[in-house]
Amino acid sequence: MKKKLVGFAVGAVIILGGAYYAYDYYAGNHVTIKEAIPVTATSNAASTKTVDVGVLNKEWSIQPDSKVYFSITTSKEKVNFEGGAVKGNWTLNVTDPAKMNAEAFVSIDNLQSGNSQRDGHVKGEDFLNAQAFPEAKFKLKSIDQFPKKWKEGEKISFNMTGTLTVKDKSKDVTFKTDAVYNQGVINLGGSTVITFDDYGMKNPHAVVLETENNIIITLSLLLGQKTT
């Protein structure tokens with residue numbers, strides 16, 4: 001009798017362990033999104049100090065602590081993928097936004113969700129194909145509702161439209177963006193929604209859960225003045 005109970009217990013552990021593995025592979029989230037804008041920053045900052053145009057109108061570069069997140073929603077929960085290898089530049093011109101230039105690159109091979117097997121699948125040939133297309137690229141086209149005056153520590157909001165290239169496909173997207181200047185640093189956050197279909201991919205499905213077609217891209221960027 002005891003042997004049967006032990007055998008049943010072992011079998012139950014194996015079944016439950018397999019169920020957890022399947023859940024974690026498809027739906028388990030291990031990445032928390034790091035917000036770009038400090039919680040102390042508001043659109044009505046107490047400070048009345050206006051940032052000098054000469055301080056802002058320079059070339060800014062994306063700093064090492066910057067992140068870009070890709071999030072998908074399954075029938076269980078939202079799963080985040082973190083891109084920690086981000087590089088790029090922003091030529092800022094608050095006087096004439098039409099003269100601004102910006103581009104950013106995210107390493108696809110660096111993406112991680114805390115599950116190495118899932119990450120390998122997502123970066124494989126069926127999806128992002130990191131070996132053939134090692135980077136995703138964003139190139140700025142226009143900025144809308146961009147404020148000409150910035151105040152130290154005050155959050156500003158604008159829309160940033162550009163071309164997002166993933167794999168061999170490009171699509172224009174608009175990021176709803178917030179930014180804060182504080183002591184020589186610009187924190188920039190934003191988000192947009194693309195779909196698997198936009199880039200020639202099928203959203204993954206399993207027997208026990210479904211994945212939405214939408215993918216949320218979240219920016220959490222730290223920019224410093226570019227040095228020569």
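Here is a short tour, in questions and answers, of a predicted model.

Visitor: Which strand does β1 join, and through how many bridges?
Guide: Strand β1 covers residues 59-62. Its partner β10 covers residues 211-225, and the two run antiparallel. Ile62 stands opposite Leu223 in β10. The partner strand is β10, and the number of bridges is three.

Visitor: How many bridges pair β2 with β10?
Guide: Strand β2 spans residues 67-74. In this pairing, Val68 has Leu219 of β10 as its bridge partner. The sense is antiparallel, and the number of bridges is seven.

Visitor: What is the bridge partner of Ile186 in β10?
Guide: Look at strand β9, residues 185-195. β9 pairs with β10 in the antiparallel sense, over 11 bridges. Leu223 also stands opposite Ile62. The partner of Ile186 in β10 is Leu223.

Visitor: How many salt bridges does the model have?
Guide: The rule asks for a side-chain nitrogen of Lys or Arg within 4 Å of a carboxyl oxygen of Asp or Glu. One of the pairs is Glu82 with Lys67, with the closest N and O atoms 3.5 Å apart. The count comes to three.

Visitor: Are Glu82 and Lys67 buried or exposed?
Guide: Glu82 sits in strand β3, residues 78-83, and Lys67 sits in strand β2. The pair links distant parts of the chain, 15 residues apart. Buried means under 20% relative accessible area. Glu82 and Lys67 are both buried.

Visitor: How many residues apart in sequence are the parts that Glu135 and Lys87 tie together?
Guide: The side chains of Glu135 and Lys87 meet in a salt bridge of 3.4 Å, N to O. Glu135 lies in strand β6, residues 135-144, and Lys87 lies in strand β4, residues 86-91, so the pair ties together parts whose separation in sequence is 48 residues.

Visitor: Why does Lys87 count as partly exposed?
Guide: Partly exposed is the range between buried, under 20%, and exposed, over 50%. Lys87 counts as partly exposed because its relative accessible area is 47%.

Visitor: What is the distance between the closest N and O atoms of Lys141 and Asp172?
Guide: These two residues form a salt bridge. Lys141 lies in β6 and Asp172 in β8, residues 169-182, so the pair ties together parts 31 residues apart in sequence. The closest N and O atoms are apart by 2.9 Å.

Visitor: Is Lys141 buried or exposed?
Guide: The cut-off for exposed is over 50% relative accessible area. Asp172, at 38%, is partly exposed. Lys141 has 54%, so Lys141 is exposed.

Visitor: What volume does the largest cavity have?
Guide: Rolling a probe the size of a water molecule over the atoms shows where empty space is left. The count is one cavity of 30 Å³ or more. Its volume is about 280 Å³.

Visitor: Which element gives the most to the lining of the largest cavity?
Guide: The lining has 22 residues, and among the closest to the centre are Ile62, Ala104 and Phe138. Elements that give two or more residues include β2, β6 and β10. With five residues, the element that gives the most is β5.

Visitor: How many residues of that lining are nonpolar?
Guide: Leu219 and Leu221 are also among the lining residues closest to the centre. Leu counts as nonpolar. The lining has one polar and two charged residues, and its nonpolar residues number 19.

Technical notes:
Residues numbered from 1 in each chain as written. Predicted model: local features only at pLDDT ≥ 70, side-chain atom pairs only at ≥ 80, totals over all residues. Heavy atoms only, no water. Pairing = 2+ DSSP bridges. Helix = DSSP H or I, 4+ residues; strand = E, 2+ residues; numbered from the N terminus. Buried < 20%, exposed > 50% of the residue type's maximum accessible area, 1.4 Å probe, protein only. 1 Å grid on protein atoms, 1.4 Å probe; cavity = no way out; pocket = protein on both sides within 12 Å on 5 of 7 lines; lining within 4 Å. Points joined across faces, edges and corners; volume = space filled by probe spheres on them.
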